[in-house]
Protein chains: 2
Amino acid sequence: MTARDRHRRMSTITDVAREAGVSVATVSRALRGLDRVSPTTRERVLKVATELDYVASPTATSLASGRNQVVGVVAPFLTRWFFATLVSAIEKTLRQHGHHVLLFDLEDDSFDRRLPLSQNMLWKRVDGVITLNLPMTEDELTLIDRLGLPLVAIGTPVPDRPNVRIDDALAMRVATEHLVSLGHERIAYVGAVPSNVAHIQTPQARLDAFHDVMREHGLAEHDQWILGSDWTADSAAADTHTLLASADRPTAIAAASDEMAIGAMAAARAQGLRIPQDLSVVGIDDHALSNVLGLTTVRQDVAAQGREAAEILLRSLGVDDVADGTATEVVVPTELVVRRSTAAPHRPLPAD
Amino acid sequence: MTARDRHRRMSTITDVAREAGVSVATVSRALRGLDRVSPTTRERVLKVATELDYVASPTATSLASGRNQVVGVVAPFLTRWFFATLVSAIEKTLRQHGHHVLLFDLEDDSFDRRLPLSQNMLWKRVDGVITLNLPMTEDELTLIDRLGLPLVAIGTPVPDRPNVRIDDALAMRVATEHLVSLGHERIAYVGAVPSNVAHIQTPQARLDAFHDVMREHGLAEHDQWILGSDWTADSAAADTHTLLASADRPTAIAAASDEMAIGAMAAARAQGLRIPQDLSVVGIDDHALSNVLGLTTVRQDVAAQGREAAEILLRSLGVDDVADGTATEVVVPTELVVRRSTAAPHRPLPAD
DNA sequence: CTGAAAGCGCTTACAG
DNA sequence: CTGAAAGCGCTTACAG
């Protein structure tokens, strides 16, 4: 028997029971801190467990108790800042309470399609699930229901389930009002998504808010100033390029996300326009690069949303060391952060 | 019994055995496609299993077989582009082969510290692990070894384990040579990390390569032109700001990552410098925003590295539908992508 | 406060 | 080709 072989065998509950001179049932109780165990017994068991490097097999525990201590986190993409930030915050919060994250990235080949959630992914694997901006299909809702899994939705709500999000309409309203208050009247929008793209709903609320603000101020809208986009910087840049090539162009752009705003700024600069003198740009998010790029934006605290959702889920799992709370709908506040990408529109006055 | 209750109970192997009129052993064999099952029996079992929506309980399977079909993916951060891209690619590759990812983000409060990998995270939870740019401690290596887990390292190698990475020295060499070939002689570097930050090793190889190229071309280096940084755009911008405020400043900056390069560009622009006329900047990565920002960079295919690592791990787990291969050291190629952030240095000639 | 025993739902030799 | 039975390592009533 080599040293490596010897090390291979991890100790089981039976080992510590034998070594401590008690039954496995007692070991189980002692280690889990249940009542009905005498202090001396508990102490002895704890000591032996430590000596033997004992850690309960999660798979055996799971079979017997039905709990895995893992929660499924489901995202439509992972490579974008918003989602990665969310996952990171969720993972940390869960881990602090002894839980782990099983990650599902549902991105498919085409941006307007996604993979479905299946029984294989969840059944007896996770104790609950957190969805990230993910409208669920009927089938998926039925599945989650049948599996009896608690669920918390971040962003796009899921019917009858706790939800954590920002007020999308308000965020875009603040962004647009900022532009208007600066004196802009010719404002374009980037981030309209075709309504057949069912798995992204946030866009609609933001676009609607933009329309509302424009209407309220009696500002004219131009169809060709409402730019679609797949919500990437690249596509926003391409769309903006076309927009700005026209003689009749806007003095400002409201983008539904910072990544798109960054694309729009870059496209403008590449065409020789100065920001903010020739074009103002505002976004929503406060992306990791927005500060450095001087982008004016409506900041949302993404990590806080991840933490909130994780805590709500932990509570519904009955985890006891989680901060109290009963909230089932939390709307995280946003705030306008004015930087260097917005200013009053340049007016070709005589004195200019 | 309400509809919901009825749906709650998922069927077990016993249910399909009864329904199909065979033993559970036969069901197990039939469903896993083992030999020694008659075609008719197999067919019947399959049919019944489908009707009952049967999916084997992964936790029971795991207890009995020792396999979980899940691999642990361990990252020092998750919110940065490089890591999120890696995780996304790994997850997709694993899922195609019926495996899932349990995610661990080891980021701690301070950027030069990280959480340790523990027995709790891995023991009986994962069949293998993939590390992302993560030097392992002695204790962690011992743990992985004792647990008998296969491991594949992406980026920073782990002793005696398969490794997937780019050639860091070559990448920085190409970036620096590009600047030199353009005629730059005054070149600064961003991305030196204090050597006590043990969990980030890539930086050293890149910095060494930069020094080598400078020396080979007989170019002078200035201590104050080697900028530290925590590898974020913000810190790179702050450092660059100081650097450029000096009268004696470089004509080009080689950054060890695109995020830092973006920070450097932004800082320069904020000080009224034009890119590339007044300052050239080159990075390494080809970050999602680099194209739109016109950043010249040495591209690495991050997703490919994730896929390669996942496949190597799957092979070592004996998963049979993975493409053949025996590679244990794969170095993914990089390529220079010239965009708008680099040009020959501006020389104040008479004719200028 | 503690133990014996059943049970969680599979897989795996072992027989036949 | 198929079944009976042991075993994976816990948790949980049930007794005492």
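**Close-ups of salt bridges**

**View 1. Arg186(B) is partly exposed, with 29% relative accessible area.** Here, buried means under 20% relative accessible area, exposed over 50%, and partly exposed in between (1.4 Å probe, protein chains only). The side chain of Arg186(B) meets that of Asp248(B) in a salt bridge, 2.5 Å from N to O. Arg186(B) sits in the loop between helix H9 (168-181) and strand E6 (187-192) of chain B, and Asp248(B) in the loop between helix H11 (233-245) and strand E8 (252-255), so the pair ties together parts 62 residues apart in sequence. Asp248(B) counts as partly exposed too, at 36%.

*Reading the views.* This is a predicted model, where local features need pLDDT of at least 70 and side-chain atom pairs count only at pLDDT 80 or more, while totals for chains, interfaces and linings use all residues. Residues are numbered from 1 along each chain as its sequence is written, chains are lettered from A and ligands numbered from 1 in the order in which they are written, and side-chain values use heavy atoms, leaving out hydrogens and water. A salt bridge puts a side-chain nitrogen of Lys or Arg within 4 Å of a carboxyl oxygen of Asp or Glu. Helices (H or I, at least four residues) and strands (E, at least two) are DSSP runs, numbered from the N terminus.

**View 2. Arg161(B) and Asp145(B) form a salt bridge, with their closest N and O atoms 3.5 Å apart.** Arg161(B) comes from the loop between strands E4 (151-154) and E5 (163-165) of chain B, and Asp145(B) from helix H8 (residues 138-147), 16 residues apart. Arg161(B) is buried at 17%, whereas Asp145(B) is partly exposed at 28%.

**View 3. Asp286(A), Arg299(A), Glu335(A) and Arg339(A) are linked in a salt-bridge network.** Over all chains, the structure holds 36 salt bridges.
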